[in-house]
Amino acid sequence: MEGGGTQYNPRTVEEVFRDFKGRRAGMIKALTTDVEEFYQQCDPEKENLCLYGFPSEQWEVNLPAEEVPPELPEPALGINFARDGMQEKDWLSLVAVHSDAWLLSVAFYFGARFGFDKADRKRLFNMINDLPTIFEVVTGGVAKKQTKEKSLVSNHSSNKSKSNSKARESQAKHSKASQPKDEEQGLDEEDEDEHGETLCGACGENYASDEFWICCDACEKWFHGKCVKITPARAEHIKQYKCPSCSNKRARP
């Protein structure tokens, strides 16, 4: 079934993407700005109804195509039957999910029909994937996703800063063993004063500047590298270190 404008078959990646965007815009309009009209048209007393989006950015609620097989993949059937059995927002979310699936099926139907190769299919998917889904638009998931992404970036930066700071401190402790004798003594005294009360979380021994130590990012306790079987070389590849005790806690159900 085709409508809302002149029928045509997109043949390039750009044309298929333009077709996708037009259909998507029409369906978003039905589920947002025209939602009252859309709701009224989806009468549960009627037969199987589908929501169609057209390249012209128009939408239509109609019966499915009679021809078998249809010229294009068909949208979800019977969206009207569930209307009164759910809360309106849940029903709209359901229609949105099925609309997203239909848009993808139509786009990749064109891709298969006109012989898109692997690179073309990948490019088409990436172009589509850069747009929010209809479900995200309808449910407000775009704003939630952006907030979550900012939070994740902030947490990642904080954890990375904390981890790097501890790694530098740990490396500084380790590097002192290879410094010249005349510098080593003064630095050792400074380090001993600062960390003299630091105890290894495994063996309970005091900090010593000539040994490699590592800090747990979870409990913030310090450990001899030899006590937790971590070498300086291995430590350089650990973004966030968890001591055996904290690792075991996380593993428990």
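Me: How many cavities of 30 Å³ or more does a search of the whole structure find?

Reply: The model is a predicted one, in which local features need pLDDT of at least 70 and side-chain atom pairs count only at pLDDT 80 or more, while totals for chains, interfaces and linings use all residues. Residues are numbered from 1 along each chain as its sequence is written, and side-chain values use heavy atoms, with hydrogens and water left out. A cavity is a set of points, on a 1 Å grid over the protein atoms alone, where a 1.4 Å probe fits but cannot get out. Searching the whole structure for cavities of 30 Å³ or more gives 1.

Me: How much space lies in the largest cavity?

Reply: Grid points are joined across faces, edges and corners, and the volume is the space filled by probe spheres set on the points. For the largest cavity this comes to about 50 Å³.

Me: Which helix gives the most residues to the lining of the largest cavity?

Reply: Lining residues have an atom within 4 Å of a point, and here they are Met27, Leu51, Pro75, Ala76, Ile79, Val95, His98, Ser99 and Trp102. By class the lining holds 7 nonpolar, 2 polar and no charged residues, where Ala, Val, Leu, Ile, Met, Phe, Trp, Tyr, Cys and Pro count as nonpolar, Asp, Glu, Lys and Arg as charged, and the others, Gly among them, as polar. Helices (H or I, at least four residues) and strands (E, at least two) are DSSP runs numbered from the N terminus. The helix that gives the most to this lining, with 4 residues, is α3 (residues 88-113).

Me: Is Val35 buried or exposed?

Reply: Val35 has its place in helix α2, and it touches Lys29, Ala30, Glu88 and Leu92 when residues up to four places away in sequence are not counted. Val35 and Leu92 are 57 residues apart in sequence, and their C-alpha atoms are 8.9 Å apart in space. With a relative accessible area of 16%, Val35 is buried.

Me: What is the length of the polar contact that joins the side chains of His224 and Glu211?

Reply: His224 lies in strand β4 (residues 222-224) and is buried, with a relative accessible area of 3%. A polar contact is a pair of N or O atoms within 3.5 Å; within protein, one must be able to donate a hydrogen and the other to accept it, and residues adjacent in sequence count only if both atoms are side-chain atoms. Between the side chains of His224 and Glu211, the polar contact is 3.1 Å.

Me: Which residues does a cis peptide bond join?

Reply: Most residues other than glycine have a negative phi, and most peptide bonds are trans. Pro69 has its place in the loop between β2 and α3. With omega at about -5°, the cis peptide bond joins Val68 and Pro69.

Me: Where is Glu57 found?

Reply: Phi of Glu57 is near 70°, a positive value in a residue other than glycine. At 42% relative accessibility, Glu57 counts as partly exposed. Glu57 is found in the loop between β1 and β2.

How values were computed: On a 1 Å grid over the protein atoms alone, a cavity is a set of points where a 1.4 Å probe fits but cannot get out, and a pocket is an open set with protein on both sides within 12 Å along at least five of seven lines; lining residues have an atom within 4 Å of a point. Buried means under 20% relative accessible area, exposed over 50%, partly exposed in between (1.4 Å probe, protein chains only). Contact means heavy atoms within 4.5 Å.
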